[in-house]
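My entries follow in the order in which I looked.

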Protein chains: 2
Amino acid sequence: MARLKTHDEALRLRLLHRAAATVFDRGTAALSLRQLAADVKTSTTAVYSLFGNKAGLLRSLYEEAARLFVARLAAIRPTDDPAGDVIRLGLVYREYAIANPHLYAILFSDRSVQCPSESESERPPEAIETYRPLVDAVRRGQQAGQFSSESDPEVIALSVWGTAHGLVSLVLSGNEPPGLAVADCYERALGVLVAGWRESKGKVQGFADVP
Amino acid sequence: MARLKTHDEALRLRLLHRAAATVFDRGTAALSLRQLAADVKTSTTAVYSLFGNKAGLLRSLYEEAARLFVARLAAIRPTDDPAGDVIRLGLVYREYAIANPHLYAILFSDRSVQCPSESESERPPEAIETYRPLVDAVRRGQQAGQFSSESDPEVIALSVWGTAHGLVSLVLSGNEPPGLAVADCYERALGVLVAGWRESKGKVQGFADVP
DNA sequence: AAGCATTCGTAACGGCGTTGTAATATGATG
DNA sequence: CATCATATTACAACGCCGTTACGAATGCTT
């Protein structure tokens, strides 16, 4: 009927692998479809038949990055000390992000910045999966009496995720205060949060009147 | 000596104002030097004689964004309740960031992503100034006995900054967990942190053996 | 008035993502 | 086996982009 396909799954994987190598190593700005096609010794058409466009390729890279990150966190097996698990998850979270800054960037940078054409009605973000293990640990911690059971476990986990993501992002964006041991601060901040969520914490009162 | 200059300070301000309008409104990806020059009815040469290149223009926009953000935080006058000041700073921080997402993005997104040519040996980041008021409030809080004096005030402030920046960034990047009141979580996380730093918090022990 | 140093606008360069199109390679058909 | 039909690919062109080379415009000096 027609010529045999060379734009097949194998080529898709080769393109994806090569693109991941450059993006995870040098960032999305260093990725060019023409260069990528040349590297894999095919034409730019391949990218369009296999990924739609550059946004589609980046979306696949995003999914790959999410897979890797989630897998790394899933390697932290739950223990009988859930509060400790939360801290350990945070430390590994930071360690992996710092070790793979561009992988972390494609997961958490504003995607409208990376690729303006990408609409907001895209498939839901998978980076949020990196926060599921935290929720599980907090939930187990509540059952073990290590966290207040009056607070939504997702709220507790989100506060930890926010702190982790924030301190990691500040370092990665070059905004860490000079002369400060951010790693220590990171661990202590997590410790304060985990300890603070032991007792029930209602909504803080008296700060409604913001000037 | 030569023809009179039209690439003067006035034109510089007009370019800067116009560029700020588009970038703060639609992001750096929406900024084109050619379009910008056309809008201000000059040539692209003007940008190069006044800002060097696009990175220089973005650098000036960065400084402008930092100025605006710092000014907004400086409007929070210290009270005799420094711990409350910390919370208030955090709330205004979030409010302003959410209201001006692209302004916040140019301040805190990885600048090597925004403009690859920009070397890392550029002028030091000014976004860190947004964290100075926090340090001051914490320092006053320590003198008032609201925070442990055994911890570096910069460490306490950084933990708060990290939490604020992290939760704000998660929302701006579209990674907020669905069905969760992130604003409440934000306020409660800050409350837990501020309360947690009351007592001296040493380095958390026993988590060194990360699997 | 002529010369000249300086400044600016235009056009060109290389590269990008994307798309239209023509060549190609195959299975089906006679 | 030769031809056709068609799915599939490679290539070139389009319209952008940031950047730069260069000639034109300008006003002071002689």
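**Conventions.** I am working with a predicted model, in which local features need pLDDT of at least 70 and side-chain atom pairs count only at pLDDT 80 or more, while totals for chains, interfaces and linings use all residues. Residues are numbered from 1 along each chain as its sequence is written, chains are lettered from A and ligands numbered from 1 in the order in which they are written, and side-chain values use heavy atoms, with hydrogens and water left out.

**Chain A overall.** I looked up the secondary structure of chain A and found 10 helices and zero strands, where helices (H or I, at least four residues) and strands (E, at least two) are DSSP runs numbered from the N terminus. Of the 211 residues in chain A, 52% are buried; buried means under 20% relative accessible area, exposed over 50%, and partly exposed in between, with a 1.4 Å probe and protein chains only. I also noted that, among the contacts in chain A with a separation of 6 or more, 70% come from residues 24 or more positions apart, contact meaning heavy atoms within 4.5 Å.

**H5 and H6 of chain A.** H5(A) and helix H6 (residues 101-108) of chain A pack at about 105°, and their axes are 5 Å apart; axes are lines fitted to C-alpha atoms, for helices over the stretch in contact, and angles run from 0 to 180 degrees between N-to-C directions. H5(A) and H6(A) are therefore roughly perpendicular, on a scale where angles under 35 degrees count as roughly parallel, over 145 as roughly antiparallel, 65 to 115 as roughly perpendicular and the rest as oblique. On the H5(A) side I listed A:Tyr93, A:Tyr96, A:Ala97, A:Ile98 and A:Ala99, and on the H6(A) side A:Pro101, A:Leu103, A:Tyr104 and A:Phe108. By class, this contact of H5(A) with H6(A) has nine nonpolar, no polar and no charged residues; Ala, Val, Leu, Ile, Met, Phe, Trp, Tyr, Cys and Pro count as nonpolar, Asp, Glu, Lys and Arg as charged, and the others, Gly among them, as polar.

**H8 and H9 of chain A.** The axes of helix H8 (residues 132-143) and helix H9 (residues 153-172) of chain A come within 8 Å and cross at roughly 125°, which makes H8(A) oblique to H9(A). H8(A) passes H9(A) in a right-handed crossing; a crossing is left-handed if the near helix is turned anticlockwise from the far one by less than a right angle, and right-handed if clockwise. Among the residues that meet here are A:Arg132, A:Val135 and A:Arg139 in H8(A) and A:Glu154, A:Ile156 and A:Trp161 in H9(A). The contact of H8(A) with H9(A) divides into eight nonpolar, one polar and three charged residues.

**H4 and H6 of chain B.** In chain B, helix H4 (residues 54-74) and helix H6 (residues 101-108) pack at an angle of about 115°, with axes 9 Å apart, and H4(B) is thus roughly perpendicular to H6(B). H4(B) passes H6(B) in a left-handed crossing. The residues of this contact include B:Leu61, B:Tyr62 and B:Phe69 of H4(B) and B:Leu103, B:Ile106 and B:Phe108 of H6(B), and by class there are 12 nonpolar, no polar and no charged residues.

**Two buried residues.** Is A:Asp85 buried or exposed? A:Asp85 is buried, at a relative accessible area of 2%, and lies in helix H5 (residues 82-99) of chain A. Neighbours within four places in sequence aside, A:Asp85 is in contact with A:Arg77, A:Pro78, A:Thr79, A:Ala137 and A:Arg140. A:Ala164, in helix H9 of chain A, is buried too, with 3% relative accessible area. The C-alpha atoms of A:Ala164 and A:Gly90 are separated by 6.3 Å, although these residues are 74 apart along the chain. With neighbours within four places again left aside, A:Ala164 is in contact with A:Tyr93 and A:Tyr186.

**Lys41.** A:Lys41 has phi near 60°, a positive value in a residue other than glycine; A:Lys41 is found in the loop between helix H2 (33-39) and helix H3 (44-51) of chain A, and is exposed at 73% relative accessible area.

**The two copies.** Chain B can be laid on chain A with an RMSD of 0.0 Å by a turn of 180° and a shift of 0.0 Å along the axis, the relation of a two-fold axis; copies are superposed by least squares on the C-alpha atoms of residues with pLDDT of at least 70 in both. Of the residues of chain B, B:Gly166 comes closest to the rotation axis, its C-alpha at 1.6 Å. The copies meet through the same surface, because 98% of the interface residues of chain B are also interface residues in chain A.
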